Amino acid sequence: MPDVKTILLTGGTGFLGSHLTLALLQNGHNVTALARPSASRSAHERVLEVLTRVYGQTVPPEIVERLRVEEGDISRPQLGLDTAISDRLVGTVDEVWHSAASLSFLEEDRDEIFRMNVDGTQQVANFVSGTRSRRMIHVSTAYVAGDRTGRVFEEDLDAGQTFRNPYEESKFHAERMLRNATSDGTLAATVLRPSIVIGNSATGRATHFHGVYAFIRGLWTVARRLRRSRPASECVDLPLRIRGLETSTLNFVPVDFVTAAAVEISRQPSAIGKTFHLCNPEATPNHLWLGIICNQIGIRGVRLVDEESFDKEPMTRMEAIFHKQMTFYAPYLASEPAFDCSRATDFLKASGVRCPRVTPEFAARMTGWYIDLLNGTASG
Ligand SMILES: NC(=O)c1ccc[n+]([C@@H]2O[C@H](COP(=O)([O-])OP(=O)(O)OC[C@H]3O[C@@H](n4cnc5c(N)ncnc54)[C@H](OP(=O)(O)O)[C@@H]3O)[C@@H](O)[C@H]2O)c1
């Protein structure tokens with residue numbers, strides 16, 4: 001594989017995909033981003049806009065000159081590309097990075113989630129199988145582990161687990177298909193499994209706000225209603241019980257670690273056919289991060305409780321509204337397996353790329369930056 005690679009990347013307008021695009025460009029590679037246009041902007045404009053936000057300012061010409069953007073759609077045959085463009089890419093790309101996906105957790109979106117995450121990955125795999133190297137870097141999720149408990153190893157996939165939502169299930173099926181295709185030589189795939197991706201470890205900045213950010217936004221919205229005309233700095237009582245376990249954990253990984261680790265692992269030929277947990281070796285206890293978020297928002301009285309609490313004392317109206325909106329998060333607050341990252345750590349050892357611990361200071365920086373953004377006192 002050449003030092004300077006020609007890469008086709010999907011999901012370049014998304015959180016992780018945009019950070020990966022910038023990191024690959026900064027590493028000297030040529031990147032073609034396959035992206036969809038929006039109603040008002042071309043695919044090219046959308047990718048450039050998000051790259052500018054990731055970079056923090058206009059991306060210098062010496063970086064941007066190695067970026068191309070092609071309009072496409074992973075759910076369509078030939079990735080929705082014109083035949084001439086598809087043929088050119090098949091003949092020139094050294095590697096395909098697949099980061100595009102549907103991140104909806106909703107049961108009512110099941111068909112669409114599977115169409116994007118399973119059928120879309122199959123379309124990408126079909127494309128990759130026609131390239132010279134058949135090399136594919138697939139972004140999956142650590143939560144293909146579903147409802148497993150205990151230690152989950154990087155080589156594990158099917159352990160008879162059940163899934164908490166169609167997103168986890170779809171990502172599992174995509175991984176299984178890629179494993180089979182790699183075993184029979186159709187592909188040379190590496191699977192990367194991040195846990196919960198959060199903002200930059202130095203600045204707290206993020207560019208997209210799903211997952212834990214939606215949870216923070218939910219709490220912030222309730223607090224804002226409660227506070228009404230009182231100053232944002234004033235602490236208010238918010239007696240809110242949330243289903244979950246104080247002692248359980250969430251596994252957070254800063255986006256800068258995930259991108260640096262992904263680039264480093266992909267460089268190593270022995271990564272072919274392997275799966276890597278891009279997770280934090282030290283997950284954060286729920287009481288720690290929740291306490292910090294509440295502090296930052298200026299609320300007290302939020303508690304994680306078990307189901308029995310609601311049997312004893314029914315939900316208040318506010319609790320019922322909050323639970324309805326945050327229902328997708330409940331299983332994650334109740335249990336999480338321990339993601340073993342020995343292989344990733346081993347592959348990263350020589351490079352010095354290491355996942356930072358989510359210390360109270362780091363958690364405060366990350367949530368503080370986002371809450372400032374919600375309060376309108378910081379820029380995205
Ligand atoms: N964020 C996390 O915490 C996290 C954690 C673990 C794993 N992951 C995995 O990381 C990958 C990237 O996630 P993310 O956080 O960057 O998600 P994201 O911000 O929602 O981005 C999703 C990307 O997929 C693109 N996409 C969706 N459907 C497409 C289609 N039919 N054709 C072309 N592009 C399509 C989106 O394009 P549009 O802008 O056009 O919609 C967007 O660029 C996913 O595979 C996800 O499963 C994410």
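Leu192 stands opposite Phe276 in strand β12. This pair belongs to a predicted model, in which the secondary structure of the chain comes to 14 helices and 15 strands. With a radius of gyration of 21 Å, close to the 21 Å that the globule rule gives for 380 residues, the chain is as compact as a globular protein of that length.

**Strands β7 and β12**

- Strand β7 covers residues 188-194, and its pairing with β12 is parallel, over four bridges.
- Strand β12 runs over residues 275-278, with Thr275 and His277 pointing one way and Phe276 and Leu278 pointing the other way.
- In a regular strand, side chains alternate between the two faces of the sheet.
- Thr275, Phe276, His277 and Leu278 are all buried, whichever way they point.

**Helix α9**

- Helix α9 has 12 residues, 286-297, and its first and last C-alpha atoms are 16 Å apart, close to the 16 Å expected at 1.5 Å a residue.
- The buried residues in α9 are Asn286, Trp289, Leu290, Ile292, Ile293, Cys294, Gln296 and Ile297.

**Shell around the ligand**

- There are 26 residues around the ligand, and those that come nearest are Thr13, Gly14, Ala100, Ala101 and Val197.
- By type, the shell divides into 11 nonpolar, 12 polar and three charged residues.
- Helix α1 (15-26), helix α5 (110-129) and strand β8 (196-198) each supply at least two residues of the shell.
- The element that gives the most to the shell is α1, with three residues.

**The chain as a whole**

- Taken along the principal axes, the box filled by the C-alpha atoms is roughly 65 × 45 × 40 Å.
- Of the 380 residues in the chain, 44% are buried.
- Among contacts between residues at least 6 apart in sequence, 79% join residues at least 24 apart.

Definitions and conventions
Residues numbered from 1 in each chain as written. Predicted model: local features only at pLDDT ≥ 70, side-chain atom pairs only at ≥ 80, totals over all residues. Near = placed C-beta within 6 Å. Nonpolar A, V, L, I, M, F, W, Y, C, P; charged D, E, K, R; others polar. Expected span 1.5 Å × (residues − 1). Buried ≥ 20, exposed ≤ 12 C-beta atoms within 10 Å, placed from the backbone. Pairing = 2+ DSSP bridges. Rg over C-alpha atoms; globule rule 2.2 N^0.38 Å. Contact = placed C-beta atoms within 7 Å.
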